[in-house]
Amino acid sequence: LAKTVSRQNGNLMQLVYGRNVTASTTTSQEAHDSSESDDSDEDFFMPKGERTKKLSDNLDVDIVDTEDSSKFNNIQLKDWSDEDLVKSIRDRFVTGDWSKAAQR
Amino acid sequence: MGKTSYVRLKGSRQFRQRLLLATLSSTPILVEDIRSDDTSPGLRPHEVSLLRLIEKVSDDCTVEINETGTKLRYKPGVLMGGKYLVHDCGLSRSMGYFLEPLILIGLFGKKPLSIRLKGITNDSKDPSVDTFRTTTLHMLKRFGVPLEGLELKIESRGAPPLGGGEVVLGVPTVPNSLTASHWVDEGMVKSIRGVTFSTRVSPQIANRMIYAARGVFNRFIPDVHIFTDHRSGPAGGRSPGYGLSLVAETTSGCLISTDVAISYPKADETDAMEDSEEKPEMLPPEDVGVQAASMLLGEIEQGGVVDSTHQGLLFLLCALCPPDVSKVRVGKLTPYGIETLRNIRDFLGVKFVIKPDPTTNTVILKCVGCGLKNLSRKVA
């Protein structure tokens, strides 16, 4: 998640749709294939859970079975009694400076 | 049967959206490897329940699930809608999970939809029914959905793990198609509204949550009204719980919402950490109030015309518009929002133009809708 946020300022189109058109669907498969061919014989038998853990470790793809929920729970709560923070969103309220808000 | 070509998909990820988009775009889908590496493989009870729900509101759709539940074949039918339907959502997920796809399915049905849902009304995983009533339904207005018949009545509430809540959802059909929306003006926050819920606990808890939340808002705006909705007896469901749902309204009519719900965890979740305590403590009401208020301020700070929970629905609505340009502004893209954008591209062939707006730290998205018409009505 932190990655998502930090890459915000990069190319968003690339972040969402991948570098080429079908990237988001193929990357996981390609990576899957390559890692399988790399596996030597001793890695052939592996507990199922471990295998997926290993895959998700060296891959930069989303886990295939994530929780399906639209609710965004990962907001870090800030201490809104902090004076600087209060100032930063002061003008988002009607009690703030209207001329500054109009520039948005 | 043999002639239908299925779109092949993998994994249980984004199950809801895949089903929804497959239904709306009449694309048969074949999903494989649904949690096939999991210790308990296959579809979860709520996912099966969602399939049954879609079967209920549509005509001539086929659902085939293999023995272990790791493979699903789904061929959408005609969306019918209808009155006085009843659906039991089960207890593995709350109603928010079902309401989100159901509302879009209802819009593109043949007849207006009116359905009674039973189950959990408020929990921490999905948007609560309060948020749905105060915010989600109002989003549809922007896209030309008639307000008549669009309603959600909360008849009784149910907190997890035992639920016992009942709501009645009414969705009108769109006459022909949605209308594209140019929605970038966030405006300034002019008022904050909210509603608490409390079931099978002391009614005083509601006041404690309100008091704490109001304390946070005092530095920003005086116009804060939070209502209480205390349920006792059968209307309060079968489990104790409480929570707070807040909505900030801006001068341009945007609604930014957050909600927090607290209840005892489910039995299977407590098993893992049972050693330490017998009964887990619930978060005190004061902390719930402060948490909900801080989350709302965080959403306001981010900017955008909707909160991060509603990004997915907003993108879907834009993509379902007639071939006309929609332009919307959101705060930071959420992982769920990004997944939605990918699904929209895969099923509807709509690609958004996404541009960051550095002066306000928001993101502007533009798209040309796929021109989905209400086909069910035309057939009639």
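These legends go with several close-up views of a predicted two-chain model.

The model is predicted, with local features needing pLDDT of at least 70 and side-chain atom pairs counting only at pLDDT 80 or more, while totals for chains, interfaces and linings use all residues. Residues are numbered from 1 along each chain as its sequence is written, chains are lettered from A and ligands numbered from 1 in the order in which they are written, and side-chain values use heavy atoms, with hydrogens and water left out.

**View 1. Chain A, helices and no strands.** Chain A has six helices and zero strands (DSSP runs numbered from the N terminus: H or I of at least four residues for helices, E of at least two for strands). Reading from the N terminus, that gives α-α-α-α-α-α. Of the 104 residues in chain A, 23% are buried (under 20% relative accessible area; exposed is over 50% and partly exposed lies in between, with a 1.4 Å probe and protein chains only). Chain A exposes about 7300 Å², and carbon and sulfur atoms supply 50% of that (Shrake-Rupley areas with a 1.4 Å probe; for residues, only the protein chains shown count as cover).

**View 2. Where chain A meets chain B.** Here 46 residues of chain A are in contact with 63 residues of chain B (contact means heavy atoms within 4.5 Å). The two chains bury about 5000 Å² between them, 57% of it on carbon and sulfur atoms (buried area is the accessible area, 1.4 Å probe, that two parts lose on being put together, summed over both). On the chain A side, A:Tyr17, A:Asp68 and A:Arg92 lose the most area to chain B, together 15% of what that side buries.

View 3. Count four salt bridges between chain A and chain B (a side-chain nitrogen of Lys or Arg within 4 Å of a carboxyl oxygen of Asp or Glu). One to look for is B:Arg16 with A:Asp68, whose closest N and O atoms are 3.6 Å apart. By class, the chain A side that touches chain B has 21 nonpolar, twelve polar and 13 charged residues (Ala, Val, Leu, Ile, Met, Phe, Trp, Tyr, Cys and Pro are nonpolar, Asp, Glu, Lys and Arg charged, and the others, Gly among them, polar).

View 4. B:Arg93 sits in the loop between β7 (82-88) and α3 (95-107) of chain B, and it is buried at a relative accessible area of 1%. A polar atom of its side chain lies 2.7 Å from the backbone oxygen of A:Asp68. Within chain B, the side chains of B:Arg93 and B:Asp126 make a polar contact of 2.9 Å. Beyond its neighbours within four places in sequence, B:Arg93 has contacts including A:Glu67, A:Ser69, B:His46 and B:Phe98.

View 5. Most residues other than glycine have a negative phi, and most peptide bonds are trans. B:Gln14, in the loop between β1 (7-10) and α1 (15-24) of chain B, has a positive phi of about 55° and is buried at 5% relative accessible area. B:Asn361 has a phi near 60°, in the loop between β17 (353-357) and β18 (362-368) of chain B, but this residue is exposed at 60%. Finally, a cis peptide bond joins B:Pro160 and B:Pro161, with omega about 5°; B:Pro161 belongs to the loop between β9 (151-156) and β10 (165-171) of chain B.

Conventions:
A polar contact is a pair of N or O atoms within 3.5 Å; within protein, one must be able to donate a hydrogen and the other to accept it, and residues adjacent in sequence count only if both atoms are side-chain atoms.
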